[in-house]
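Biologist: I am new to this structure and would like to go through it step by step. May we begin with the terms and conventions?

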Amino acid sequence: MVERVPESINFPFEEEKVLQFWNEKDCFRECLKQSKNRPRYTFYDGPPFATGLPHYGHILAGTIKDVVTRFAHQNGFHVDRRFGWDCHGLPVTSVRRMGRWIDFENDYKTLYPSFMETVWWVFKQLYEKGLVYRGVKVMPFSTACNTPLSNFESHQNYKDVQDPSVIVSFPLLEDENVSLIAWTTTPWTLPSNLALCVNAEFQYVKVKGECKALFPGKALKGKKYKPIFPYFAECGESGAFQVVTDNYVREEEGTGVVHQAPYFGADDYRVCMEYKIIQRDQVPICPVDASGCFTSEVVDFAGQYVKDADKHIIKFLKETGRMVNASSFKHNYPFCWRSDTPLIYKAVPSWFVRVEHMVEKLLANNGKCYWVPEFVGEKRFGNWLRDARDWAISRNRYWGTPIPLWVSDDFEEVVCVGSIAELEALTGHKVTDLHRESIDSLTIPSRCGKGVLRRISEVFDCWFESGSMPYAQAHYPFENRKEFEDTFPADFIAEGIDQTRGWFYTLLVLSTALFGKPPFKNVIVNGLVLASDGQKMSKRKKNYPDPGLIVKSYGADALRLYLINSPVVRAENLRFKEEGVRDVLKDVFLPWYNAYRFLVQNVQRLHQEQDVAFQYNENTVKQSDNIMDKWVQSFTQSLIQFFRAEMDAYRLYTVVPRLVKFVDMLTNWYVRTNRRRLKGESGTEDCLWALETLFSVLFSMCRLMAPFTPFITEMMYQNLRRLIDPASVEEKEAGSIHYLMLPQVRESLIDKRIESAVCQMQSVIELGRVIRDRKTLPVKYPLKEVVVIHQDAEALKDIQSLQKYILEELNVRELTMSTDKDKYGIRLRAEPDHMVLGKRLKGAFKAITASIKELSSEQLEAFQKTGSITVDGHELHEEDLRLMYTFDQSSGSATQYEAHSDSQVLVLLDVSPDQSMMDEGVAREVINRIQKLRKKGHLVPSDEITVHYRCKPAGEYLESVIQAHTEFILATTKAPLMPYPVPKTASVIVEETTQLKGSDLEFTIVKRGSAPQGPLNGPACAYVNLKVKVNSKEQEGVVLLENPRGDNKIDMDNLSRVCSSVFGTNNTQLSFFSGKNALLGNTLSVTSSGSAPSPALATDTILCPYVNLQLCNSRPSECLTGEVGTLLLVNPLGHNALDSSGLLLEATRLFGLRGRRLRLYLDQELSQGTNTHARTHTTSSSIRAHLSL
């Protein structure tokens, strides 16, 4: 039978129970086992770089991957989900706590020798294709890490900084009275200046006093100038210190003259190479070492860190008369993503992979990938590819995969090694590890008489390893060749938008170079998760809540759904707000949980009252003829159809809002409008139809939501599956919601006409509610009439078919349909939005306000349809005007009706007062107070109760209303309503005094027909006496075989475990001996296994003093049902005595009411045995436990 669902729920606590269930059943492994013969769906998990606790970016990316791969599994595929590590990685427990199913046992790490060997193979393929070369290239350089960075690494950490801004003069040699002036924010590059560059097409100006002369930039080409510093004066002989031209010079900033330090700027290097100012094979003019300090060539500033030297260089420029202007400049500047220190651009000898020659192939392969959202692939990634540069893959570090190049001292002989076997053959040594400490000492004999070849010192850029992961995780081509080739490219990958210049790029470059095709078919790109103030999340600033605490407070499902149902899955940024996660609980999970609880309650009620056992079988269920059943079934099937199509297109950002909307439709529309049917008020057959419909919809919803919220769906399913006819289950193993396939679309149930009709009905009800709110008329108070005006007669027919629900939801007596609003004297009028229009029109606002108020109803109706209107020459739109309905005062409707509309339908409510309706409204208020009090008393609908009431002062308006509407109140509450006094023998559950209509209204709810329990002979619970002799130690005591009565039952199988706990036998193997066949009330001898028993005690009375407890005004919690229990005051004899505070604590635990306040008192009528004031020597007494409210 289905288990009772508690009124309240702690989602994080339930999630922990689900995690335990998954672990015990090994559910993830079982999924993989079940699907092993299905078609393969390939997923690549990029290696994470984080080494600390996970942040929201990790959680978001992991959730997207988990959602898509769960969907693929439930859509009929086998999905291997191997976790990837860049040597460190995220804590396993954190990943699992978020509900992500990922294979840690079969993971891959970039430090595995098998992974590294494939990286070598990839590199050798590139080398043999002629795509690897050694060169000098200006690159972003980290002086803190002493290594160059790739272009995409350098774009990962930009900051706004204040740098020096100097304008410097360069006198021409032909006339030193004439100087070119150049601007720079890097004064430290001036000692390495070798040229000046201008734009040939720009117009330049020569200024002397007030005289100005214009001339084109090309006129400056070839002119020589006087260098600032003498350090590299000899370069003048090879063409240095002249003016060159190039169109990279822009006019947006600076002077139009750019100083050229070719080994500290990529454009500088290119231009100076073109003009042969420098040569490819010459010694670089690069007087800065790997730590960013000037070398001895720059004698005046040798040893100084370049950024620190700026101020000394500026001083030098001023002293030598070369400074024109000095200030500071704020701009966006790249920082090292590892050390968070400023980068410099510097020429370094590096190993490169040629990329520039295959840009067109990269673009073509990118075009074969499906990007979500599309603009990332077309714009951001596509633009990056168009400007792709050769990739510097070498890094000057110790840790990493060594580059497998062995070279002669002059670099003229190079051997590229592509495998462990090849290295062993070339060196003659056994190789088991490919890290530097294992192979750097190995040499290869030269074939050209150059002695021995030694490995170069560099290791691979970590992005080269990441880009190799599709092949390296499978140890391709050394193993798994067929498996890899059958599943490449991957069906799906996902990462953040920053990876357009990282992992996405390196994957594409390597797969294009190796195989000529893209590495993946589909990719989801997420945006960045920022702090609530829009700033980057910072541990130092503590500007975001700890993810662990968020999960602990609200649960992983809530966090998952909050992230997935946000702009971040459209590659936009999300400002993380804790209240957003809290709102998921409040607006989605709690309504959904309450619908599930309501279903279970009424299934149990049906069984209890009608002896009808509910079982759902989709194949045999009869089609309901109720229009709301048909609507919600149609709406569900339309959702499944939409869900499948959009998930197949990887558009999570369209799917989740529809799922969330569906929760609203189910709870606020279907359940709300069918509560009476579900409670059985319209007969058993109609109740079964409604329950079958609600079950079907909840079951479908659990399967749809399972990839997104794996915990709550598992929790609900484990209870709902008890209601499923086993014969209807298609899956062989249905022990988890995540084993089940997604529901198929049942197109025969889709009825768009009914969906449209209910949508019309919802519009009418929502408009009516707005009117009630505006007039402060609670729905409890009935109104005479609602008028619905619509131009479409068919729409009115649809609305008419749902009249019953409109009347109930708006609490009106009559529904009138019409196509003629003029009949009711309805006119439209407009008011300007003062804030919007006032700001825009300023001085013209007053005049146009008057014109807006003069607009006719016909003009405003046209505006409703088109969304724009021209007033006094100004075009106005929907946000500029507020439309209101008014009544023609001559029509007589002005005082009777209040109106509201959307773009389709107009609703009028008759708001004129009526005393009988006011009385009914008060009666509904009374019902509301009773129902709230039931909830406060933790009662469920099946609890049999009587409600007693008293009004003070007596005989007033409120009492007369209650007396006149007693039957009406009874019909809703299903509980007899009786005036005071409350019988003395009644068992009070809860009582309260409240205020209503100027009177005090007292309520007392008692158990129907309840009377005090009769005297108890002995303990309320079954028990067994025990005489224990273990390790020469003898003890006597009691084990209760149930507690409370009927709950927590103990049999012989687990008696040994309980005995060990009570008597502290430390898990000694125990033997039990009895002279009787029955266990109940008997006395057993207990010894260690193999020992002979002592003679049994000749008593059948309980050995330990005890008290019986009866729970009087509440119900047990934590799935307990018994309201009578027993507490032992000592156990074993002479040990563990309970004092009064301990008794109170144990009483709350006994009935599952931890954290609640109980009052305990002796009841003379229930007392058994001796003096009620007696303490530990009392054989027994009975205590009533009252919940303190």
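Modeller: Helices (H or I, at least four residues) and strands (E, at least two) are DSSP runs, numbered from the N terminus. This is a predicted model, in which local features need pLDDT of at least 70 and side-chain atom pairs count only at pLDDT 80 or more, while totals for chains, interfaces and linings use all residues. Residues are numbered from 1 along each chain as its sequence is written, and side-chain values use heavy atoms, with hydrogens and water left out.

Biologist: Is Thr-713 buried or exposed?

Modeller: Thr-713 belongs to helix α24, residues 710-720. Burial is judged by relative accessible area: under 20% is buried, over 50% exposed, and in between partly exposed (1.4 Å probe, protein chains only). Thr-713 has a relative accessibility of 0%, so this residue counts as buried.

Biologist: Which residues does Thr-713 touch, not counting those up to four places away in sequence?

Modeller: Contact means heavy atoms within 4.5 Å. With residues up to four places away in sequence not counted, the partners of Thr-713 are Trp-592, Cys-702, Met-705, Ala-706, Ile-737 and His-738.

Biologist: Trp-592 is also a member of the largest nonpolar core. Which helix gives the largest share of this core?

Modeller: A nonpolar core is a set of buried Ala, Val, Leu, Ile, Met, Phe, Trp, Tyr and Cys residues joined through side-chain atoms within 4.5 Å. The largest one holds 139 residues, of which Leu-559, Phe-589, Trp-592, Trp-631 and Phe-708 touch the most other members. Its largest share, 14 residues, is supplied by residues 578-610, which form helix α19.

Biologist: How many residues are in the second, separate core?

Modeller: Val-355, Cys-462, Tyr-471 and Leu-514 are included in this second core. The number of residues in this separate core is 67.

Biologist: Helix α24 also packs with α1. How are α1 and α24 placed relative to each other?

Modeller: Axes are lines fitted to C-alpha atoms, for helices over the stretch in contact, and angles run from 0 to 180 degrees between N-to-C directions. Angles under 35 degrees count as roughly parallel, over 145 as roughly antiparallel, 65 to 115 as roughly perpendicular and the rest as oblique. The axes of α1 (residues 11-25) and α24 are 9 Å apart, at an angle of about 75°. Helices α1 and α24 are therefore roughly perpendicular.

Biologist: How are α31 and α32 placed relative to each other?

Modeller: Helix α31 spans residues 915-936 and helix α32 spans residues 957-964. Their axes come within 9 Å and cross at roughly 85°. The two helices, α31 and α32, are therefore also roughly perpendicular.

Biologist: How do the residues of the contact of α31 with α32 divide by class?

Modeller: From α31 come Gln-915, Met-918, Asp-919, Val-922, Ala-923 and Val-926, and from α32 come Tyr-957, Leu-958, Val-961 and Ile-962. Ala, Val, Leu, Ile, Met, Phe, Trp, Tyr, Cys and Pro count as nonpolar, Asp, Glu, Lys and Arg as charged, and the others, Gly among them, as polar. The contact of α31 with α32 divides into one charged, one polar and eight nonpolar.

Biologist: What is omega for the cis peptide bond that joins Lys-952 and Pro-953?

Modeller: Pro-953 is placed in the loop between β36 (945-952) and α32. For the cis peptide bond from Lys-952 to Pro-953, omega is about -5°.

Biologist: And what is omega for the cis peptide bond that joins Asn-1131 and Pro-1132?

Modeller: The loop between β45 (1124-1128) and α35 (1140-1150) holds Pro-1132. For the cis peptide bond from Asn-1131 to Pro-1132, omega is about 0°.

Biologist: Which residue with a positive phi follows α27?

Modeller: Helix α27, residues 803-810, has Tyr-805, Ile-806, Leu-807, Glu-809 and Leu-810 buried. Among the elements that cover these buried residues are α20 (627-648), α21 (652-673) and β29 (812-818). After α27 comes a residue with phi near 55°, namely Asn-811.

Biologist: Over how many bridges do β5 and β15 pair?

Modeller: Two strands pair if DSSP finds at least two bridges between them. Four strands form an open antiparallel sheet in the order β6-β5-β15-β17, with β6 (147-148) and β17 (391-392) at the edges. Within it, β5 (residues 132-142) and β15 (residues 343-353) pair in the antiparallel sense, and the number of bridges is 11.
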